[in-house]
Amino acid sequence: MKNVLITGATGGIGYSILKLFNNNNYNICATGTNKDKLNEIEVNYKGKIKCIACNLDDELQIENLVQRSNEYYGSTNILINNAGITKDNLFLRMKDEEWNDVININLNSNFKLTKKILKGMIKNRWGRIINISSDAAKIGNAGQANYVASKSAIEGLTRTLANEVASRGVTVNCISPGFVDTEILETIDEKT
């Protein structure tokens, strides 16, 4: 049985991914920042899913996440980098904090978490990394320079990493959904 770590598991897409893997009997570690939703997942799934609260903006919490997931099920075989945020603003009005927060969660945390988990995958000569991007990476969205930049970078990171580790039995792919009816959609202007 394979071990799966899903970031952003309390959001709409992340929760759907969690249900899919659970229905196919994978060992699952789910992470997010909403402790109430994480507790709800553990209760609803009767302890079959290990939930670990983690702020992916904090490198120590990422390290703790990897350590605790390894204690739970051994090494991670499948990593789903799904966590993402938006802090929309027109480019000329965008604050440095809005830019940095989105880049840190949507891009930098993927780099840090993947790097920590990839070593075990290479050692085992098997692994799957799935990064969640967005169609916004291809078309751009007014008021989302930070989000679009982060998702475009995820796609470039995915292609590069896939080339580096394919010969070691690790695949790296990216899924780029369009608009999905989740909480994050509520932050986007209806005309868009």
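**Cysteines, core and helix packing**

Author: Cys174 counts as partly exposed because its relative accessibility is 27%; buried means under 20% relative accessible area, exposed over 50% and partly exposed in between, with a 1.4 Å probe and protein chains only. This is a predicted model, in which local features need pLDDT of at least 70 and side-chain atom pairs count only at pLDDT 80 or more, while totals for chains, interfaces and linings use all residues. Residues are numbered from 1 along each chain as its sequence is written, and side-chain values use heavy atoms, without hydrogens and water.

Reader: How many disulfides does a search of the whole structure find?

Author: A disulfide is a pair of cysteine sulfur atoms within 2.5 Å. The search finds zero. For Cys54, the nearest cysteine sulfur belongs to Cys29, 11 Å away. Cys54 counts as buried, because its relative accessibility is 3%.

Reader: Which residues have the most contacts inside the largest nonpolar core?

Author: Such a core is a set of buried Ala, Val, Leu, Ile, Met, Phe, Trp, Tyr and Cys residues joined through side-chain atoms within 4.5 Å. Here the largest has 21 residues, and Leu5, Leu113 and Ile129 have the most contacts inside it. Helix H4 (96-124) is one of the elements giving two or more residues to this core; H4 gives the most, with five residues. Helices are DSSP runs (H or I, at least four residues), numbered from the N terminus.

Reader: How is the packing of two helices described?

Author: One gives the angle between their axes and the distance between the axes. H3 and H4 pack at about 35°, with axes 10 Å apart; axes are lines fitted to C-alpha atoms over the stretch in contact (heavy atoms within 4.5 Å), and angles run from 0 to 180 degrees between N-to-C directions.
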